[in-house]
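Q: Could we go through this structure together? I would like to start with a helix.

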Amino acid sequence: MCLSVKREEWFVMSSKSEVLGGAEMGALREYLCRRSEKGTVVIIPSCALEDVAVLMFRYRKRSEAVWVQKVRGYEAGFVFNLLSGRAAFCEVLGCDEHEIWPTYIKCCENPIKPVLNSEGSVQEVVYIGSEVDLGRLPVVKYNARDAGPYITAGIVIAKDPETGTRNVSIHRLQVRGARELGIRLEPGCHLEMIRNKARELRTGVEVAIVVGNHPAEIIAAVTRTEFGVDEVEIAGAIRGEPVQLVKCRTIDAEVPANAEVVLEGYMDPEERALEGPFGDFMGYYVAQAENPVIHVTAITHRDKPIFQGIRAGSLEDGLLLALSREARIYKALKNAGIDVARVNLSPTVFVGAISIRAKDSGEVRRALEIALDEEPWLKYCVAVDTDVNIFDWEDVLWAVATRSSPSRVKVFEGKGGFPRDPFNLHKSKLIIDATIPIGACVAFERSRPDNA
Ligand code: MN
(Lines give C-alpha, C1' and ligand atoms only; values in the text may rest on other atoms or scores of the structure.)
Protein backbone atom coordinates (compact mmCIF):
# COMPACT_ATOMS: atom_id res chain seq x y z
CA MET A 1 0.00 0.00 0.00
CA CYS A 2 1.22 3.47 -0.84
CA LEU A 3 0.94 6.39 1.54
CA SER A 4 -0.57 9.52 0.07
CA VAL A 5 1.85 11.84 1.87
CA LYS A 6 5.29 12.68 0.56
CA ARG A 7 7.94 11.18 2.78
CA GLU A 8 9.81 14.46 3.34
CA GLU A 9 6.61 16.07 4.63
CA TRP A 10 6.52 13.60 7.51
CA PHE A 11 9.47 15.05 9.32
CA VAL A 12 8.57 18.73 9.18
CA MET A 13 8.58 20.08 12.72
CA SER A 14 5.98 22.66 13.58
CA SER A 15 6.69 25.41 16.05
CA LYS A 16 5.08 25.18 19.46
CA SER A 17 2.80 28.17 19.03
CA GLU A 18 1.57 26.96 15.67
CA VAL A 19 0.50 23.67 17.22
CA LEU A 20 -0.97 24.84 20.50
CA GLY A 21 -3.00 27.76 19.20
CA GLY A 22 -4.77 28.92 22.37
CA ALA A 23 -3.21 30.03 25.58
CA GLU A 24 -4.41 27.09 27.61
CA MET A 25 -2.21 24.08 27.24
CA GLY A 26 -3.73 20.65 27.86
CA ALA A 27 -1.93 17.78 29.46
CA LEU A 28 -1.45 15.67 26.33
CA ARG A 29 -0.52 18.72 24.25
CA GLU A 30 2.07 19.88 26.74
CA TYR A 31 3.51 16.38 26.85
CA LEU A 32 3.66 16.20 23.05
CA CYS A 33 5.37 19.56 22.77
CA ARG A 34 7.95 18.61 25.37
CA ARG A 35 8.70 15.40 23.52
CA SER A 36 8.73 17.18 20.17
CA GLU A 37 11.44 19.50 21.49
CA LYS A 38 13.48 16.43 22.46
CA GLY A 39 13.08 15.08 18.94
CA THR A 40 11.32 11.83 19.90
CA VAL A 41 8.12 12.58 17.99
CA VAL A 42 7.68 12.12 14.24
CA ILE A 43 5.38 14.93 13.13
CA ILE A 44 3.24 14.48 10.04
CA PRO A 45 1.31 17.61 9.04
CA SER A 46 -1.57 15.69 7.47
CA CYS A 47 -2.59 12.35 6.04
CA ALA A 48 -5.72 10.32 5.28
CA LEU A 49 -7.36 8.16 7.96
CA GLU A 50 -6.60 4.93 6.02
CA ASP A 51 -2.93 5.91 6.05
CA VAL A 52 -2.96 6.28 9.86
CA ALA A 53 -3.66 2.52 10.06
CA VAL A 54 -0.71 1.83 7.75
CA LEU A 55 1.57 4.19 9.72
CA MET A 56 0.57 2.49 12.98
CA PHE A 57 1.40 -0.89 11.47
CA ARG A 58 4.77 0.32 10.18
CA TYR A 59 5.68 1.93 13.52
CA ARG A 60 4.34 -0.92 15.67
CA LYS A 61 7.80 -1.95 16.92
CA ARG A 62 9.41 1.52 16.88
CA SER A 63 10.03 3.81 19.81
CA GLU A 64 9.17 7.19 18.27
CA ALA A 65 5.78 8.69 19.00
CA VAL A 66 3.90 9.71 15.85
CA TRP A 67 1.69 12.78 15.67
CA VAL A 68 -0.50 13.35 12.64
CA GLN A 69 -1.48 16.98 13.14
CA LYS A 70 -4.54 16.81 10.89
CA VAL A 71 -6.36 13.79 9.61
CA ARG A 72 -7.65 14.75 6.15
CA GLY A 73 -11.41 15.30 6.19
CA TYR A 74 -11.58 15.60 9.99
CA GLU A 75 -11.23 18.54 12.35
CA ALA A 76 -8.81 16.49 14.43
CA GLY A 77 -5.29 15.15 14.67
CA PHE A 78 -4.13 11.70 15.73
CA VAL A 79 -1.31 10.51 17.96
CA PHE A 80 0.10 7.06 18.70
CA ASN A 81 3.16 5.32 20.17
CA LEU A 82 3.30 7.63 23.22
CA LEU A 83 4.56 4.74 25.38
CA SER A 84 6.36 2.61 22.83
CA GLY A 85 9.51 2.02 24.84
CA ARG A 86 10.70 1.64 28.42
CA ALA A 87 12.38 5.03 28.17
CA ALA A 88 8.99 6.68 27.63
CA PHE A 89 7.55 4.92 30.71
CA CYS A 90 10.57 6.00 32.78
CA GLU A 91 10.19 9.60 31.65
CA VAL A 92 6.52 9.65 32.72
CA LEU A 93 7.27 7.87 36.02
CA GLY A 94 10.35 10.06 36.59
CA CYS A 95 12.80 7.23 37.21
CA ASP A 96 15.70 5.26 35.75
CA GLU A 97 15.09 2.02 33.86
CA HIS A 98 15.95 -0.31 36.77
CA GLU A 99 13.63 1.65 39.13
CA ILE A 100 10.52 1.34 36.98
CA TRP A 101 8.83 -1.37 39.14
CA PRO A 102 9.47 0.06 42.64
CA THR A 103 8.53 3.54 41.38
CA TYR A 104 5.30 2.27 39.85
CA ILE A 105 4.47 0.23 42.99
CA LYS A 106 5.06 3.35 45.11
CA CYS A 107 2.60 5.31 42.94
CA CYS A 108 -0.04 2.57 43.33
CA GLU A 109 0.45 2.56 47.12
CA ASN A 110 0.38 6.36 47.52
CA PRO A 111 -2.60 7.58 45.51
CA ILE A 112 -3.40 11.31 45.16
CA LYS A 113 -7.06 12.35 45.11
CA PRO A 114 -8.24 14.36 42.07
CA VAL A 115 -9.59 17.90 42.16
CA LEU A 116 -12.98 18.84 40.68
CA ASN A 117 -13.05 21.95 38.46
CA SER A 118 -16.14 23.83 37.34
CA GLU A 119 -14.99 23.85 33.70
CA GLY A 120 -12.48 22.19 31.47
CA SER A 121 -11.14 22.60 27.96
CA VAL A 122 -12.36 19.08 27.06
CA GLN A 123 -15.80 20.75 26.89
CA GLU A 124 -14.84 23.53 24.47
CA VAL A 125 -17.07 21.82 21.88
CA VAL A 126 -20.22 19.96 23.02
CA TYR A 127 -22.63 17.77 21.02
CA ILE A 128 -25.63 16.35 22.86
CA GLY A 129 -28.27 13.77 21.87
CA SER A 130 -29.15 13.78 18.18
CA GLU A 131 -26.16 16.06 17.42
CA VAL A 132 -23.83 13.21 18.33
CA ASP A 133 -22.02 11.67 15.35
CA LEU A 134 -19.09 9.33 16.03
CA GLY A 135 -18.33 9.55 12.28
CA ARG A 136 -16.83 13.00 12.90
CA LEU A 137 -13.97 11.44 14.90
CA PRO A 138 -10.94 9.90 13.19
CA VAL A 139 -11.42 6.34 14.44
CA VAL A 140 -9.06 3.88 12.75
CA LYS A 141 -9.92 0.54 11.18
CA TYR A 142 -6.71 -1.25 12.11
CA ASN A 143 -6.75 -4.46 10.09
CA ALA A 144 -8.23 -5.74 6.84
CA ARG A 145 -10.73 -8.09 8.53
CA ASP A 146 -11.62 -5.92 11.56
CA ALA A 147 -15.40 -5.48 11.86
CA GLY A 148 -14.99 -1.71 11.56
CA PRO A 149 -13.21 1.23 13.15
CA TYR A 150 -12.10 0.71 16.76
CA ILE A 151 -11.34 3.09 19.63
CA THR A 152 -8.35 1.42 21.32
CA ALA A 153 -6.93 4.14 23.60
CA GLY A 154 -10.18 5.14 25.27
CA ILE A 155 -10.07 5.04 29.05
CA VAL A 156 -13.49 4.01 30.30
CA ILE A 157 -14.65 5.67 33.53
CA ALA A 158 -17.61 4.18 35.42
CA LYS A 159 -18.85 4.08 39.01
CA ASP A 160 -19.73 1.14 41.24
CA PRO A 161 -23.54 1.50 41.55
CA GLU A 162 -23.42 0.47 45.23
CA THR A 163 -20.46 2.44 46.57
CA GLY A 164 -20.06 5.18 43.94
CA THR A 165 -16.34 4.41 43.69
CA ARG A 166 -14.84 5.20 40.32
CA ASN A 167 -13.17 2.61 38.10
CA VAL A 168 -10.94 3.37 35.11
CA SER A 169 -10.02 0.76 32.52
CA ILE A 170 -9.21 0.31 28.83
CA HIS A 171 -11.33 -1.85 26.51
CA ARG A 172 -11.63 -2.16 22.77
CA LEU A 173 -14.63 -0.24 21.44
CA GLN A 174 -16.12 -0.86 18.03
CA VAL A 175 -17.82 2.11 16.40
CA ARG A 176 -21.05 0.64 15.06
CA GLY A 177 -23.08 3.69 14.20
CA ALA A 178 -23.40 7.43 14.80
CA ARG A 179 -24.21 6.89 18.48
CA GLU A 180 -23.46 3.22 19.19
CA LEU A 181 -20.35 1.36 20.33
CA GLY A 182 -19.62 -2.31 20.99
CA ILE A 183 -17.37 -2.99 23.99
CA ARG A 184 -15.41 -6.09 24.97
CA LEU A 185 -15.23 -6.81 28.72
CA GLU A 186 -12.75 -9.51 29.71
CA PRO A 187 -14.33 -12.03 32.12
CA GLY A 188 -13.81 -10.87 35.72
CA CYS A 189 -12.66 -7.33 34.87
CA HIS A 190 -13.80 -4.50 37.13
CA LEU A 191 -16.14 -2.94 34.56
CA GLU A 192 -17.83 -6.32 34.14
CA MET A 193 -18.24 -6.52 37.93
CA ILE A 194 -19.88 -3.07 37.83
CA ARG A 195 -22.14 -4.22 34.99
CA ASN A 196 -23.18 -7.31 36.97
CA LYS A 197 -23.96 -5.22 40.05
CA ALA A 198 -26.05 -2.87 37.90
CA ARG A 199 -27.97 -5.84 36.52
CA GLU A 200 -28.84 -6.99 40.05
CA LEU A 201 -29.93 -3.46 40.96
CA ARG A 202 -31.92 -3.23 37.68
CA THR A 203 -30.14 -0.07 36.63
CA GLY A 204 -27.88 1.05 33.77
CA VAL A 205 -24.14 1.77 33.81
CA GLU A 206 -23.12 5.29 32.87
CA VAL A 207 -19.71 5.41 31.20
CA ALA A 208 -17.39 8.18 30.06
CA ILE A 209 -14.81 7.26 27.44
CA VAL A 210 -11.82 9.58 27.40
CA VAL A 211 -9.55 9.69 24.35
CA GLY A 212 -6.41 11.79 24.04
CA ASN A 213 -4.92 11.36 27.48
CA HIS A 214 -1.65 12.23 29.11
CA PRO A 215 0.35 8.95 29.36
CA ALA A 216 0.00 8.98 33.20
CA GLU A 217 -3.73 8.33 32.76
CA ILE A 218 -3.06 5.50 30.31
CA ILE A 219 -0.57 3.82 32.66
CA ALA A 220 -3.00 4.21 35.58
CA ALA A 221 -5.89 2.78 33.54
CA VAL A 222 -4.05 -0.49 32.80
CA THR A 223 -3.03 -0.97 36.44
CA ARG A 224 -4.28 -4.26 37.88
CA THR A 225 -5.63 -3.19 41.26
CA GLU A 226 -8.11 -4.52 43.77
CA PHE A 227 -11.76 -3.79 42.95
CA GLY A 228 -12.70 -0.48 44.57
CA VAL A 229 -9.47 1.43 43.83
CA ASP A 230 -9.93 4.66 41.86
CA GLU A 231 -7.26 4.60 39.16
CA VAL A 232 -7.57 8.39 38.71
CA GLU A 233 -5.80 8.63 42.09
CA ILE A 234 -2.97 6.45 40.77
CA ALA A 235 -2.70 8.77 37.75
CA GLY A 236 -2.34 11.62 40.25
CA ALA A 237 0.47 9.77 42.01
CA ILE A 238 2.26 9.17 38.69
CA ARG A 239 1.95 12.88 37.82
CA GLY A 240 2.91 13.91 41.34
CA GLU A 241 -0.13 16.21 41.51
CA PRO A 242 -3.91 15.80 41.53
CA VAL A 243 -5.65 15.09 38.21
CA GLN A 244 -7.98 17.99 37.37
CA LEU A 245 -11.51 16.71 36.69
CA VAL A 246 -14.67 18.21 35.29
CA LYS A 247 -18.27 16.91 35.45
CA CYS A 248 -19.76 15.30 32.36
CA ARG A 249 -22.74 16.99 30.68
CA THR A 250 -25.23 14.12 30.36
CA ILE A 251 -24.11 11.51 32.92
CA ASP A 252 -22.95 11.34 36.54
CA ALA A 253 -19.22 10.98 35.94
CA GLU A 254 -16.10 13.13 36.10
CA VAL A 255 -13.37 13.16 33.45
CA PRO A 256 -9.89 14.73 33.12
CA ALA A 257 -10.59 18.40 32.37
CA ASN A 258 -7.73 18.77 29.89
CA ALA A 259 -8.24 15.55 27.92
CA GLU A 260 -8.90 15.85 24.19
CA VAL A 261 -12.21 14.00 23.61
CA VAL A 262 -14.92 12.53 25.87
CA LEU A 263 -17.78 10.26 24.82
CA GLU A 264 -20.57 10.10 27.39
CA GLY A 265 -23.03 7.22 27.35
CA TYR A 266 -24.58 4.25 29.09
CA MET A 267 -24.73 0.46 29.00
CA ASP A 268 -27.91 -1.53 29.51
CA PRO A 269 -26.59 -4.55 31.46
CA GLU A 270 -29.00 -6.88 29.64
CA GLU A 271 -28.06 -5.75 26.13
CA ARG A 272 -25.56 -7.55 23.91
CA ALA A 273 -24.82 -7.44 20.20
CA LEU A 274 -22.28 -8.97 17.83
CA GLU A 275 -18.82 -7.38 18.12
CA GLY A 276 -15.66 -8.24 16.17
CA PRO A 277 -13.70 -9.73 14.52
CA PHE A 278 -10.73 -7.66 15.66
CA GLY A 279 -6.95 -8.06 15.35
CA ASP A 280 -6.02 -8.53 19.03
CA PHE A 281 -2.83 -8.29 21.12
CA MET A 282 -1.47 -11.65 19.93
CA GLY A 283 -1.56 -10.43 16.34
CA TYR A 284 -4.46 -12.69 15.31
CA TYR A 285 -8.14 -11.99 14.77
CA VAL A 286 -10.51 -12.75 17.62
CA ALA A 287 -13.83 -14.06 16.33
CA GLN A 288 -17.12 -12.18 16.41
CA ALA A 289 -18.99 -12.61 19.70
CA GLU A 290 -21.98 -11.26 21.64
CA ASN A 291 -20.65 -8.35 23.69
CA PRO A 292 -22.09 -5.33 25.54
CA VAL A 293 -23.26 -2.15 23.84
CA ILE A 294 -22.75 1.53 24.73
CA HIS A 295 -25.21 4.21 23.63
CA VAL A 296 -23.49 7.58 23.31
CA THR A 297 -25.42 10.53 24.72
CA ALA A 298 -22.81 13.28 24.23
CA ILE A 299 -19.45 14.02 22.68
CA THR A 300 -17.35 16.82 24.11
CA HIS A 301 -13.91 17.78 22.88
CA ARG A 302 -11.28 20.46 22.72
CA ASP A 303 -11.15 22.72 19.70
CA LYS A 304 -9.21 20.76 17.04
CA PRO A 305 -8.80 17.70 19.26
CA ILE A 306 -5.97 15.19 19.09
CA PHE A 307 -7.41 11.68 18.86
CA GLN A 308 -5.32 8.76 20.06
CA GLY A 309 -4.93 5.06 19.28
CA ILE A 310 -2.95 2.06 20.50
CA ARG A 311 -2.37 -0.68 17.94
CA ALA A 312 -3.12 -4.10 19.51
CA GLY A 313 0.04 -6.19 19.43
CA SER A 314 2.35 -3.17 19.07
CA LEU A 315 5.37 -2.57 21.29
CA GLU A 316 3.30 0.00 23.21
CA ASP A 317 0.45 -2.48 23.74
CA GLY A 318 2.90 -5.15 24.92
CA LEU A 319 4.55 -2.80 27.41
CA LEU A 320 1.18 -1.63 28.76
CA LEU A 321 0.12 -5.25 29.27
CA ALA A 322 3.47 -6.04 30.89
CA LEU A 323 4.12 -3.22 33.37
CA SER A 324 1.63 -3.95 36.15
CA ARG A 325 2.20 -7.71 35.78
CA GLU A 326 5.96 -7.21 36.04
CA ALA A 327 5.41 -5.07 39.11
CA ARG A 328 3.33 -7.79 40.79
CA ILE A 329 6.07 -10.34 40.17
CA TYR A 330 8.75 -7.89 41.35
CA LYS A 331 6.84 -7.19 44.56
CA ALA A 332 6.14 -10.88 45.25
CA LEU A 333 9.82 -11.76 44.75
CA LYS A 334 10.93 -8.94 47.07
CA ASN A 335 8.35 -10.05 49.67
CA ALA A 336 9.75 -13.60 49.45
CA GLY A 337 13.22 -12.25 50.25
CA ILE A 338 14.58 -12.80 46.73
CA ASP A 339 17.09 -10.25 45.44
CA VAL A 340 15.39 -9.45 42.13
CA ALA A 341 16.94 -6.88 39.79
CA ARG A 342 14.66 -6.78 36.74
CA VAL A 343 11.51 -8.37 35.29
CA ASN A 344 10.55 -8.41 31.60
CA LEU A 345 7.19 -9.64 30.32
CA SER A 346 7.20 -7.71 27.05
CA PRO A 347 6.38 -8.07 24.25
CA THR A 348 3.85 -10.89 24.77
CA VAL A 349 3.27 -11.52 28.55
CA PHE A 350 3.34 -15.25 27.66
CA VAL A 351 7.16 -15.29 27.73
CA GLY A 352 9.07 -13.62 30.56
CA ALA A 353 12.48 -13.27 32.15
CA ILE A 354 13.67 -12.30 35.61
CA SER A 355 17.20 -11.34 36.60
CA ILE A 356 18.11 -12.19 40.18
CA ARG A 357 21.02 -12.64 42.56
CA ALA A 358 20.25 -16.08 44.02
CA LYS A 359 21.97 -17.97 46.82
CA ASP A 360 21.43 -21.40 45.22
CA SER A 361 19.47 -23.21 42.50
CA GLY A 362 16.63 -23.89 44.95
CA GLU A 363 16.10 -20.14 45.29
CA VAL A 364 16.11 -19.71 41.49
CA ARG A 365 13.46 -22.38 41.17
CA ARG A 366 11.38 -20.76 43.94
CA ALA A 367 11.64 -17.36 42.20
CA LEU A 368 10.46 -18.82 38.89
CA GLU A 369 7.50 -20.54 40.54
CA ILE A 370 6.52 -17.29 42.24
CA ALA A 371 6.57 -15.58 38.83
CA LEU A 372 4.23 -18.26 37.40
CA ASP A 373 1.89 -17.97 40.39
CA GLU A 374 1.70 -14.16 40.10
CA GLU A 375 0.96 -14.06 36.37
CA PRO A 376 -1.46 -16.72 35.12
CA TRP A 377 -0.79 -15.91 31.43
CA LEU A 378 2.98 -16.44 31.81
CA LYS A 379 3.88 -19.64 29.97
CA TYR A 380 7.67 -19.66 29.66
CA CYS A 381 9.83 -18.00 32.29
CA VAL A 382 13.62 -17.76 32.30
CA ALA A 383 15.82 -16.76 35.24
CA VAL A 384 19.16 -15.14 34.45
CA ASP A 385 21.95 -13.42 36.36
CA THR A 386 22.29 -9.66 36.49
CA ASP A 387 25.06 -9.64 33.86
CA VAL A 388 22.38 -10.48 31.26
CA ASN A 389 20.30 -7.68 29.69
CA ILE A 390 16.80 -9.10 30.10
CA PHE A 391 15.31 -6.46 27.80
CA ASP A 392 17.39 -7.97 24.99
CA TRP A 393 15.89 -11.38 24.17
CA GLU A 394 19.00 -12.27 22.16
CA ASP A 395 21.06 -11.89 25.34
CA VAL A 396 18.52 -13.96 27.32
CA LEU A 397 18.63 -16.66 24.63
CA TRP A 398 22.45 -16.60 24.85
CA ALA A 399 22.15 -17.31 28.57
CA VAL A 400 19.65 -20.12 27.88
CA ALA A 401 22.04 -21.55 25.29
CA THR A 402 25.20 -21.39 27.41
CA ARG A 403 23.98 -21.62 31.03
CA SER A 404 20.98 -23.96 31.08
CA SER A 405 20.39 -27.65 30.55
CA PRO A 406 17.19 -29.27 29.16
CA SER A 407 17.54 -31.84 31.93
CA ARG A 408 16.94 -29.10 34.50
CA VAL A 409 13.89 -27.36 33.00
CA LYS A 410 10.58 -28.04 34.71
CA VAL A 411 7.07 -28.27 33.26
CA PHE A 412 3.98 -27.41 35.31
CA GLU A 413 0.30 -28.11 34.73
CA GLY A 414 -2.62 -26.55 36.56
CA LYS A 415 -1.15 -23.07 37.20
CA GLY A 416 -3.75 -21.08 35.26
CA GLY A 417 -3.09 -19.98 31.70
CA PHE A 418 -4.56 -17.65 29.09
CA PRO A 419 -8.29 -18.55 29.11
CA ARG A 420 -9.07 -18.40 25.38
CA ASP A 421 -7.25 -21.59 24.42
CA PRO A 422 -9.10 -23.72 21.82
CA PHE A 423 -5.91 -25.55 20.81
CA ASN A 424 -4.75 -26.28 24.37
CA LEU A 425 -1.54 -24.27 24.02
CA HIS A 426 -1.59 -21.95 27.04
CA LYS A 427 -2.25 -24.07 30.14
CA SER A 428 1.10 -25.79 30.73
CA LYS A 429 4.15 -23.84 31.84
CA LEU A 430 7.91 -24.16 31.58
CA ILE A 431 10.63 -22.65 33.74
CA ILE A 432 14.26 -22.42 32.69
CA ASP A 433 17.11 -21.75 35.10
CA ALA A 434 19.71 -20.00 32.92
CA THR A 435 21.73 -18.68 35.85
CA ILE A 436 25.40 -19.52 36.36
CA PRO A 437 25.83 -22.75 38.37
CA ILE A 438 26.70 -21.86 41.98
CA GLY A 439 30.43 -21.47 42.47
CA ALA A 440 31.18 -21.33 38.73
CA CYS A 441 31.47 -17.54 38.32
CA VAL A 442 34.99 -17.72 36.89
CA ALA A 443 34.07 -20.29 34.24
CA PHE A 444 31.10 -18.11 33.16
CA GLU A 445 32.79 -14.69 33.23
CA ARG A 446 31.83 -12.89 30.00
CA SER A 447 34.95 -12.37 27.92
CA ARG A 448 35.62 -8.81 26.81
CA PRO A 449 38.54 -6.38 26.41
CA ASP A 450 39.54 -3.96 29.15
CA ASN A 451 37.62 -0.66 29.17
CA ALA A 452 34.84 -2.02 26.93
MN1 MN B 1 -10.08 -1.14 38.49
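Predicted model: local features only at pLDDT ≥ 70, side-chain atom pairs only at ≥ 80, totals over all residues.

Q: Which residues of α2 are buried?
A: The buried residues in α2 are Ala27, Leu28, Arg29, Tyr31, Leu32, Cys33, Arg35 and Ser36.

Q: And what happens just after α2?
A: Gly39 follows there, with a positive phi of about 80 degrees.

Q: Changing topic: what is the strand order in the open sheet of 4 strands?
A: The order is β1-β2-β3-β19, and the pairing is mixed. The edge strands, each pairing on one side only, are β1 (41-47) and β19 (306-308).

Q: In which sense do β3 and β19 pair?
A: Strand β3 (residues 77-80) pairs with β19 in the parallel sense, over 3 bridges. Val79 has Gln308 in β19 as its bridge partner.

Q: Which helix packs on the sheet?
A: Helix α3 (residues 49-58) does, touching β1, β2 (65-71) and β3. The direction of α3 makes about 155 degrees with that of β1.

Q: Now salt bridges. How many are there?
A: The count comes to 29. One of the pairs is Lys197 with Asp160, whose closest N and O atoms are 2.8 Å apart. Lys197 lies in helix α6 (residues 190-200) and Asp160 in the loop between β7 (155-159) and β8 (166-170), so the pair ties together parts that are 37 residues apart in sequence.

Q: Are Lys197 and Asp160 buried or exposed?
A: Both Lys197 and Asp160 are buried.

Definitions and conventions. Residues numbered from 1 in each chain as written. Heavy atoms only, no water. Pairing = 2+ DSSP bridges. Helix = DSSP H or I, 4+ residues; strand = E, 2+ residues; numbered from the N terminus. Contact = heavy atoms within 4.5 Å. Axes fitted to C-alpha atoms, helices over the stretch in contact; angles between N-to-C directions. Buried < 20%, exposed > 50% of the residue type's maximum accessible area, 1.4 Å probe, protein only. Salt bridge = Lys/Arg side-chain N within 4 Å of Asp/Glu carboxyl O.
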